[in-house]
Amino acid sequence: MTSVVLGVSAGIAVYKSCELLRLFTESGHDVRVVPTRDALRFVGEPTWAALSGNPVTTEVWESVHEVPHVRIGQSADLVIVAPATADVLARAAHGMADDLLTNTLLTARCPVVFAPAMHTEMWENPATRANVATLRERGAIVIEPAVGRLTGADTGRGRLPDPAEIFEVCRRVLAGGRDDLAGRHVVISAGGTREAIDPVRFIGNRSSGLQGYALARTAVARGAEVTLVAANVTLPDPAGAKVVRVESARQLRDAVLLAAEHADAVVMAAAVADFRPVRQSDSKIKKSSAEPDPIHLTKNPDILAELGEIRRARREAYAAGDGRHGTPVGRDAPGEAAPGGPRVIVGFAAETDDVLANGQAKLRRKGCDLLVVNQVGENLAFGTPDNAAVVLTAEGGSVEIPRGPKEDLADVVWDLVAQRLA
Ligand code: CTP
């Protein structure tokens with residue numbers, strides 16, 4: 001039985017951690033809840049004891065004969081702190097040991113996950129940013145808070161993500177234990193763009209966003225900082241990813257290019273409309289119009305090709321000794337700036353015929369490093385939990401991924417990305 005420590009600090013979101021605790025215990029984990037003193041003002045000790053079936057202590061001075069201040073951390077397979085307040089992040093980052101939770105964090109040799117929850121101002125404060133960066137540098141996974149309603153009337157970034165999403169991150173950390181993307185920033189596009197015809201109609205596609213979201217979830221679990229640019233996806237935000245919502249191809253382009261400036265890898269899983277109507281009607285097109293006007297289309301930017309092109313130009317400028325662009329591509333070590341743009345660019349392609357030949361040609365045309373070629377049809381790809389694909393590499397290699405969950409495909413993609421970044 002795996003041994004999980006659930007650290008709980010004093011935020012209003014503590015009530016959601018009761019559900020997180022249930023998810024752990026119902027899936028067979030032995031959970032020891034370690035609240036801070038003030039967390040007990042929100043949810044009391046009897047609730048944690050009853051739900052976990054274990055004693056609950058906040059201080060190092062209780063049950064001293066069992067040496068809890070070192071034993072709990074030493075014997076844990078995972079420590080998850082949810083909610084993690086600005087105060088607990090600060091104390092953890094500075095190695096303080098003033099209660100049982102911070103002692104446990106200092107003695108834990110297992111993966112540590114923090115799920116912060118606080119007001120936007122506190123999350124964005126330079127002190128908190130520095131503490132989060134320190135914890136991430138030391139290998140902790142700090143899940144990005146969600147955006148939404150906060151305590152009182154405020155809304156913004158700072159909400160504790162859905163307990164099921166936090167549980168999913170922890171489950172994957174416990175299962176894989178890989179942190180080969182720690183310190184890396186990855187950008188993922190997901191979903192399908194919509195090109196407006198009028199205020200109520202659009203040209204769209206059938207992409208659900210499931211594959212892009214699986215990529216985001218798995219990257220978070222492997223330690224990456226994740227920006228997920230989501231085009232018209234209705235799935236819940238993956239815990240830990242910074243989600244940027246867009247509708248059209250041009251909005252997707254702007255969001256991806258902006259995030260890519262500081263990314264180690266970009267994975268373009270979104271289905272981007274190749275064309276958009278030349279003209280968008282400001283008012284709803286009425287059926288009473290005598291003859292319907294044909295919809296004239298114009299080309300959308302090819303974002304993947306543009307990413308490859310920007311990188312190629314920067315490499316050339318660097319080779320020619322033009323110092324303006326810094327290092328040629330990406331950064332050499334986690335923590336450094338990435339002036340040259342992403343070191344690894346991954347495209348997706350859905351093909352129905354001549355899958356491999358079309359895929360190789362597309363990989364070269366778009367200047368990417370890896371191309372995941374989906375075989376569309378037979379209930380694969382769109383809207384299904386499963387996928388099958390071949391990943392083509394710029395060196396001419398290929399890796400076959402048999403039909404299986406989209407999470408498995410995502411892990412193979414990250415294996416290949418991590419190899420290239422290593
Ligand atoms: N893509 C993009 N911008 C576009 C179209 C596609 O960035 N305007 C990206 C997709 O996100 C995907 C890859 O390019 O990663 C391949 O998309 P696909 O639609 O298969 O390629 P196309 O360029 O549309 O090629 P074709 O129509 O010839 O299949």
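**Notebook: ligand shell, domains, backbone**

The model is predicted, so I kept local features only at pLDDT of at least 70 and side-chain atom pairs at pLDDT 80 or more, while totals for chains, interfaces and linings use all residues. I number residues from 1 along each chain as its sequence is written, and side-chain values use heavy atoms, with hydrogens and water left out.

I took a polar contact as a pair of N or O atoms within 3.5 Å. At K366, a side-chain N or O atom is 2.6 Å from an oxygen atom of the ligand. A270 uses a backbone N or O atom, 2.7 Å from a ligand oxygen. For L304 I noted a polar backbone atom 2.8 Å from an oxygen atom of the ligand. I then looked up the cover: the ligand taken alone exposes 570 Å², and the protein buries 77% of that (Shrake-Rupley method, 1.4 Å probe).

**Make-up of the shell**

Helices (H or I, at least four residues) and strands (E, at least two) are DSSP runs numbered from the N terminus.

**Domains**

I read the division of the chain as domain 1 (3–174) and domain 2 (185–421), with bounds from an automatic or database domain assignment. Their C-alpha centres lie 34 Å apart. About 1100 Å² is buried between the two domains, and carbon and sulfur atoms give 59% of it. Buried area is the accessible area (1.4 Å probe) that two parts lose on being put together, summed over both. On the domain 1 side, E144, E165 and R172 supply 48% of the area buried against domain 2, more than any other three residues.

**Backbone**

I logged a cis peptide bond between A82 and P83, with omega about -5°. P83 is in strand 3 (residues 78–84). N232 is not a glycine, yet I read a positive phi of about 60° there. N232 sits in the loop between strand 11 (225–231) and strand 12 (241–246).

Terms used
Polar contact = N/O pair within 3.5 Å; in protein donor to acceptor, adjacent residues only side chain to side chain.
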